[in-house]
Amino acid sequence: MTAEPSTPIGRPEPAGGGGLALIGRLAAAPLARLAAAYLLLAAVFAIAADHFLTTDNFLNIGRATAVFGIAALGLTVALIAGALDVSFGAVMSVCGILAAERIAAGDGAAAAVAVALAVGVGLGLVNGLLTAVLRLDALIVTLGTFSIFGGWAFLHTNGAPTPASDDAFARIGRGETLGIPTPVVIMIAIALVLAVVLRWTGFGQRCYLVGDNPRAATLVGIRAAWVRAAALAISGLTAAIAGVVMVANAGVANAGEGERQLLNAIAAVVIGGTALAGGSGLIVGTLLGIAVLGTIDNGLNLLGVSSTWQDVLKGVIVVFALVLDRIRRRDA
Amino acid sequence: MSRFALRAARSPELYLLVLLAATLVWFSANNPFFGTSANFTGLAAGAAVLGVAAMGVTVALAAGAIDFSIAGTIALSGVVAAWLDTRVGGVVAILGALAVAVLVGIVNGTVVTRFGINPFIATLATAGTLRGLAFLVAGSSAGIVIEDGPIVTIGQHEIVGIPVPIVMFAVIAVLGWALLAHTPAGRALLAVGGNPEAARLSGIGVAGAQRWAYLASAGAAGVAGILLAGRTGSGLPQAAAGQELLVYSAVILGGTSLWGGRATVIGSVLGILFVETLRNGLVLERVSPYWQTILQGVFLVAAVWLVRQQQLGRDPVWLAQRIARRRRSPQVEAP
């Protein structure tokens, strides 16, 4: 998490420059500034709220952010490849409901998770195939499938909650691993895997290239549409994991529950510096974005701000962050 | 085929008209209540509310201004109208709600044009804020009841036997059509949406045009919010939740491009009538409302795909010509 910010666009930069250049580059890196902004935010809350600076509270922040955070990580990959996936919230709901139904049918936690993850990848591939075959923008396709998947979740459950009471399953959402909440461990593990995939695999490099310049990618023999489809499948997979964690934590699955994470997850990715146009972005950035949003929610909670006011402030803060980011880039 | 007939056969409005007629015939044949004038009046009045919002969206999309905060604006304007109505009276309430909508338009336009934030994300964020503000003003999710007065008159009364919302929808539609088709301002909006760089080089202020576009979509959403509050007799903070998707599906189905430069008010009117007819018919057939959500998504993707095909010149006329050519010379690729 420390050395990454030196390459703001996530591709290895040409070698050159000594230690001094490295420090200069670090200071100029957007992520270093985002980290500084985060520390400032944390400092404000630490002064204003008594219980902010405690281990328990930070574990709370982690627990509260894991659900949308996990979804945001896969979303980062899709966005880097130039595919803005807005259907992930509905995928979360669908997969959460299917997992809960397996639990209710007595199939056990492993089967429930397997079904949810398989369906998540499948729905992501549906997005990818529609984008590739119809040659449409991923935003349009996923806006459509957002309605279709989300509508199906309501239709299937008739709007009624599906209970998921199973000890092993509940541990995914409420248990602890090595003293850290399991959802946070899952989030960190996914972040590590995706960071490695993006940085050190051919697929990861192709994602950046396709997102940055699909024409150039096609000219060098990369099948842009299929790289995007694979990225959307990853986004579907993380949405499914997020849905499982969400349901395991709540002990019940509701249609429409995942859709509420839409703004949080997209905001985390965008605040983390991933370009909406595709072609640049880092998993570390998204982790920082998740931390910023989680800390804002947590801090406002500790200060006793009502949830309605939090909704109002959230939009304002996101727009403000985007404006700041824009000004920063214009200066650079 | 004459040139006019060819052009008519290639217009998206025609397909939509056929689709609308087919839907009307289908539901009339299947449900005895569907064809009654009471049902049609209710259907049209309901369509008018979203129709007004769709007019704003059409004008905004002409300039490529995507505004996903319209549902939030509808809710906030309705709640503000109701809140002011109980305190200072109906006329001030209407003006106040419109002022709030204008303010929303200015904020959206400024954020998008001055700072160059992606409009989809920017308006998604403001949508959350607007919805939250609507809940704050309303105080609770039960909303604010509106007593008889100007707002209820606008929402529920009739002018010469026609509900006021329908009259307002018609007036705004004509204004929108005239603006886009017959004024320099409308042409400027379309030019900016079609090719911002070319528009800039020919002396059109791109940012200014887009700011007007956001004003149009927020203003129309504000009017729709007041109409909705009048129709339901209350300002509900959860009003129109999720309906932005319905409005955008209808507008795109009508032939307006999501990426700017192509906008048709007539298409949007037909699009709104089509989706509302479908919804009304499905409700009468007791199809689960959740199916409508699913169909919305299907129509959105299908509509964008059809528009894309048309831009590539692959419309029914092209298809017919191709089939005719195949028939005339079946042996072309003989071995």
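# Close-up views of a two-chain predicted model

Figure 1. Of the 335 residues that make up chain B, 50% count as buried. The secondary structure of this chain comes to 15 helices and 4 strands. Taken along the principal axes, the C-alpha atoms of chain B fill a box of roughly 80 × 60 × 35 Å. A compact globule of 335 residues would have a radius of gyration near 20 Å, and the 21 Å of chain B agrees with that value. Among the contacts in chain B with a separation of 6 or more, 81% are accounted for by residues 24 or more positions apart.

**Figure 2. Chain A as a whole.** In chain A, 14 helices and 4 strands make up the secondary structure, and 53% of the 332 residues count as buried. Residues 24 or more positions apart account for 79% of the contacts in this chain with a separation of 6 or more.

**Figure 3. The side of chain A that touches chain B.** The contact between the chains takes 32 residues from chain A and 33 residues from chain B. On the side of chain A, the elements that give two or more residues are α5 (109-134), α6 (138-157), α12 (262-271) and α14 (307-331). The largest share of this side, 14 residues, comes from α6(A). Sorted by class, the residues of the side of chain A that touches chain B divide into 22 nonpolar, 7 polar and 3 charged.

**Figure 4. The packing of helices α3 and α13 of chain A.** Two packed helices are described by the angle between their axes and the distance between the axes. Here the axes of α3 (residues 55-80) and α13 (residues 283-302) of chain A come within 8 Å and cross at roughly 140°, and the two helices are therefore oblique to each other. The crossing of α3(A) and α13(A) is right-handed. On the α3(A) side, the residues that make the contact include N57(A), N60(A), I61(A), A64(A) and T65(A), while the α13(A) side includes I283(A), T286(A), I290(A), L293(A) and G294(A). By class, this contact of α3(A) with α13(A) has 7 nonpolar, 9 polar and 1 charged residues.

**Figure 5. The packing of helices α4 and α11 of chain A.** Helix α4 (residues 88-104) of chain A packs with α11(A) at an angle of about 55°, and their axes are 7 Å apart. The pair is therefore oblique, and α4(A) passes α11(A) in a right-handed crossing. From α4(A) the contact is made by F88(A), V91(A), M92(A), S93(A), C95(A), G96(A), A99(A) and A100(A); among the residues from α11(A) are S235(A), G236(A), A239(A), A240(A) and V247(A). The residues of the contact of α4(A) with α11(A) divide into 12 nonpolar, 5 polar and no charged.

**Figure 6. The buried residues of helix α9 of chain A.** In α9 (residues 202-212) of chain A, the buried residues are G204(A), R206(A), C207(A), Y208(A), L209(A), V210(A) and G211(A). These buried residues of α9(A) pack against α3, α8 (182-200), α10 (214-219) and α11 (224-250) of chain A.

Figure 7. Not counting residues up to four places away in sequence, L273(B) touches L20(B) and A47(B). By contrast, L273(B) and S140(B), which are 133 residues apart in sequence, are 33 Å apart in space, C-alpha to C-alpha.

**Figure 8. Two residues of chain B with a positive phi, A240(B) and R286(B).** Most residues other than glycine have a negative phi. A240(B) has a positive phi, near 60°, in a residue other than glycine, and its place is in the loop between β4 (234-235) and α12 (243-253) of chain B. With 25 C-beta neighbours inside 10 Å, A240(B) counts as buried. R286(B), which is not a glycine either, has a positive phi of about 60° and is found in the loop between α13 (265-284) and α14 (289-311) of chain B. R286(B) is exposed, because the other C-beta atoms within 10 Å number 7, where 12 or fewer count as exposed.

Definitions and conventions. Residues are numbered from 1 along each chain as its sequence is written. Chains are lettered from A and ligands numbered from 1 in the order in which they are written. This is a predicted model: local features need pLDDT of at least 70, side-chain atom pairs count only at pLDDT 80 or more; totals for chains, interfaces and linings use all residues. Two residues are in contact if their C-beta atoms, placed from the backbone, lie within 7 Å. Ala, Val, Leu, Ile, Met, Phe, Trp, Tyr, Cys and Pro count as nonpolar, Asp, Glu, Lys and Arg as charged, and the others, Gly among them, as polar. A residue is buried if 20 or more other C-beta atoms lie within 10 Å of its own, exposed if 12 or fewer, and partly exposed in between; C-beta atoms are placed from the backbone. Axes are lines fitted to C-alpha atoms, for helices over the stretch in contact, and angles run from 0 to 180 degrees between N-to-C directions. Angles under 35 degrees count as roughly parallel, over 145 as roughly antiparallel, 65 to 115 as roughly perpendicular and the rest as oblique. A crossing is left-handed if the near helix is turned anticlockwise from the far one by less than a right angle, and right-handed if clockwise. The radius of gyration is taken over C-alpha atoms; the globule rule is 2.2 Å times the number of residues to the power 0.38.
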